[in-house]
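Hello,

Here is the structure for your pocket work. The notes on what was found follow below it.

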Amino acid sequence: MKQIIYLYIQIPDRNEFTVLGRLSVENGKGEFTYSPNYPIDWVPDEIFYPLVRGKTYLVRENKGVPNFIMDIVPDAWGQSVLRRIFAKEKDTNWSVIDYLHYSNNADRFGALCVGSVRKVTQKAVTENFQNFVKLDEFLDFANAIRTGEEIKKINLALAQTTSLGGAHPKITLYDDKKLYLAKPKDIHDPVNIPRVEYACLSFAKKKGFNVVNHKLLSIQHHGRPKDILILERFDRKYDEATGRFIRYPMLSGLTLLHAEWSTTDHSRWSYPLLANEMHRKKIAIKDIHELYKRMLFNALIGNDDDHLKNHAFIYRYGSWHLAPLYDVVPQVAYKPQTLTMMIGTYGNKISRENLLSSSAHFKISTQDAENMLDETLGWKDELKEHYREHLTKSDFEHIWNLIPDIL
């Protein structure tokens with residue numbers, strides 16, 4: 001069966017939506033066509049889908065869905081919520097187009113929205129965020145999802161279909177003209193993941209990384225303490241003139257590399273290749289250097305969940321930039337020997353030799369790379385004290401025993 005959606009986009013740095021194009025998918029093959037009336041010369045992916053108005057691109061990746069559209073598909077948590085909400089209404093297998101149709105446009109990653117007609121509708125661009133005071137209700141809902149209870153508050157459920165993140169519960173909330181992503185501890189987590197992630201982000205910020213604005217919120221929920229990591233949405237900015245949010249275009253690392261998510265072929269999941277594509281995208285050299293430092297930091301803390309969806313790029317003021325650091329959590333089940341992304345000559349192995357082997361791709365000299373790595377490794381004692389300060393004794397011991405050994 002052929003499925004069709006229309007793509008709408010908020011024009012960069014303006015609070016105005018227009019039709020970008022149409023996507024049709026049938027039997028795992030897609031066709032994407034830019035609208036003949038698309039009014040500007042800018043497009044999200046000018047490298048793999050350059051603007052030719054009216055041209056139809058044949059799409060074979062992701063079972064017919066271009067990567068820049070895959071970026072706005074709900075994450076694993078959002079998909080599980082949608083399947084639960086619409087279980088009685090939809091008893092067939094879910095496709096990517098289904099997830100796009102049923103999910104909420106308001107909190108999608110970046111500036112894209114979807115609809116079923118060839119014009120931007122008010123419904124498609126309505127901003128209906130949950131207020132921050134709904135935090136208690138969200139915690140109840142997240143527990144209900146995990147325990148298989150009946151879903152009663154549909155509006156609250158539909159607010160949990162963001163494309164940012166993975167399988168952990170999360171929700172976009174509004175407070176004082178800003179949007180936040182709230183991430184509580186999941187009932188299946190072996191340690192307090194929100195507190196661990198807060199410790200990693202706050203340490204990275206101390207060390208000069210460009211980090212998402214964050215804080216750790218501790219509340220009483222049904223008489224028990226509950227930690228929630230709060231991240232400020234960096235792809236939104238409130239516009240006082242219109243009372244709405246300007247949405248900054250975003251792309252994942254997956255899109256920049258023209259790689260696929262649902263595949264066993266991860267040959268393009270690579271830091272050096274990502275640096276190459278950043279050059280091609282005309283991203284500033286300081287951002288490319290920061291990507292190298294993030295690779296070193298992930299190796300230091302043992303974050304082997306450093307996949308391409310956890311690297312993002314944002315379009316602001318006429319150019320692309322490396323987005324702030326987010327989703328940085330060390331492995332909590334075993335001591336990692338590898339990262340998910342390829343590092344250098346020796347694949348994804350965490351080792352000094354491998355971390356130094358790819359520095360040329362980042363336009364970093366061998367000596368400067370050695371200095372950066374030595375500086376990063378020199379943080380270990382300070383990191384240990386930082387973890388000890390922010391984690392419980394048992395969580396600290398659990399995490400610290402899994403730190404990789406890098407000579």
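**Pockets and their linings**

Helix H3 gives the second largest pocket three lining residues, the most of any element. Helices (H or I, at least four residues) and strands (E, at least two) are DSSP runs, numbered from the N terminus. A pocket here is an open set of points on a 1 Å grid over the protein atoms alone, where a 1.4 Å probe fits, with protein on both sides within 12 Å along at least five of seven lines; lining residues have an atom within 4 Å of a point.

This is a predicted model, in which local features need pLDDT of at least 70, side-chain atom pairs count only at pLDDT 80 or more, and totals for chains, interfaces and linings use all residues. Residues are numbered from 1 along each chain as its sequence is written, and side-chain values use heavy atoms, without hydrogens and water.

The second largest pocket holds about 540 Å³ of space, a volume being the space filled by probe spheres set on the points, which are joined across faces, edges and corners. Its lining has 21 residues, with His101, Ser103, Asn105, Lys123 and Ala124 closest to the centre. Besides H3, at least two residues each come from strand E5 (112-115), helix H4 (122-125) and helix H6 (154-158).

The largest pocket has about 1200 Å³ of space. Among its 48 lining residues, Asp75, Ala76, Gln79, Trp261 and Lys309 are the closest to its centre. H3 again gives the most, here four residues.

Regards
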